[in-house]
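Here are a few notes to get you started. Have the model open while you read, and go through the points in order.

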Amino acid sequence: MFSPNKPASAQLATLQAASVVLGIATFLTLAGIHYVDTRAEQRDKLAEECGCPGFSDVSELPDDLDAVSVVVPTKYHAEVAVPLLERGVACLVEKPLAGDIPSADLILAAAARGNAALSVG
């Protein structure tokens, strides 16, 4: 999930990632957390436990992100992934990619427009 515009060696040295979560996923050093349900108390508690800043909206995530893991219910995948992909941020979207074909098409088109890597897993 690296940008085709940067050499891999440079990216390994500077990789920052955010996890867009609905629950706890802390296997990465996180630059940010986004809760789709925007419950401030839960978001702030998790941010404190992870030692990273919390955000109430995906648009508030830092501009210098290299990658984001989208871990939300399927019906929110497009809402979360599209603006990030359009910014050129690589996204790992939990499977399935989307709940319907039009949403999947939106995600794929955003990845193309932003020249962003998209993985589903």
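Helices and strands here are DSSP runs, numbered from the N terminus; a helix is H or I with at least four residues, and a strand is E with at least two.

1. First, keep in mind that this is a predicted model. The protein has 4 helices and 6 strands, and reading from the N terminus they come in the order α-β-β-α-β-β-α-β-α-β.

2. Some overall numbers. Of the 121 residues, 38% are buried. The accessible surface is about 6500 Å², with 55% of that belonging to carbon and sulfur atoms. Looking at contacts with a separation of 6 or more, 51% are between residues 24 or more positions apart.

3. Now for helix α2, residues 40-50. Which of its residues are buried? They are Arg-43, Leu-46 and Ala-47. Viewed down the axis of α2, these buried residues fall within an arc of 100°, so they line one face of the helix. As a reminder, an α-helix has 3.6 residues a turn, so residues three or four places apart point the same way. Turn to the other side of α2 and you'll find Glu-41, Lys-45, Glu-48 and Glu-49 exposed.

4. Next, the core. The largest nonpolar core has 23 residues, and Val-70, Leu-84, Leu-85 and Ile-107 have the most contacts inside it. Two or more residues come from each of β4 (67-71), α3 (77-86), β5 (90-93) and α4 (101-114). The biggest share is from α3, which gives 6 residues. In soluble globular proteins, nonpolar side chains tend to be buried together.

5. How do β4 and β5 run relative to each other, parallel or antiparallel? They are parallel, joined by 4 bridges. Val-68 stands opposite Cys-91 in β5. Cys-91 also pairs up with Val-70 in another list: their C-alpha atoms are 6.8 Å apart, although 21 residues separate them along the chain.

6. Last one: trace the chain through β4, α3 and β5. Together they make a right-handed β-α-β unit.

Key
Residues numbered from 1 in each chain as written. Predicted model: local features only at pLDDT ≥ 70, side-chain atom pairs only at ≥ 80, totals over all residues. Heavy atoms only, no water. Core = buried A, V, L, I, M, F, W, Y, C linked by side-chain atoms within 4.5 Å. Buried < 20%, exposed > 50% of the residue type's maximum accessible area, 1.4 Å probe, protein only. Arc of directions from axis to C-beta. Contact = heavy atoms within 4.5 Å. Areas by Shrake-Rupley, 256 points an atom, 1.4 Å probe, with all protein chains shown as cover. Pairing = 2+ DSSP bridges. Right-handed = clockwise from strand over helix to strand, strands pointing away.
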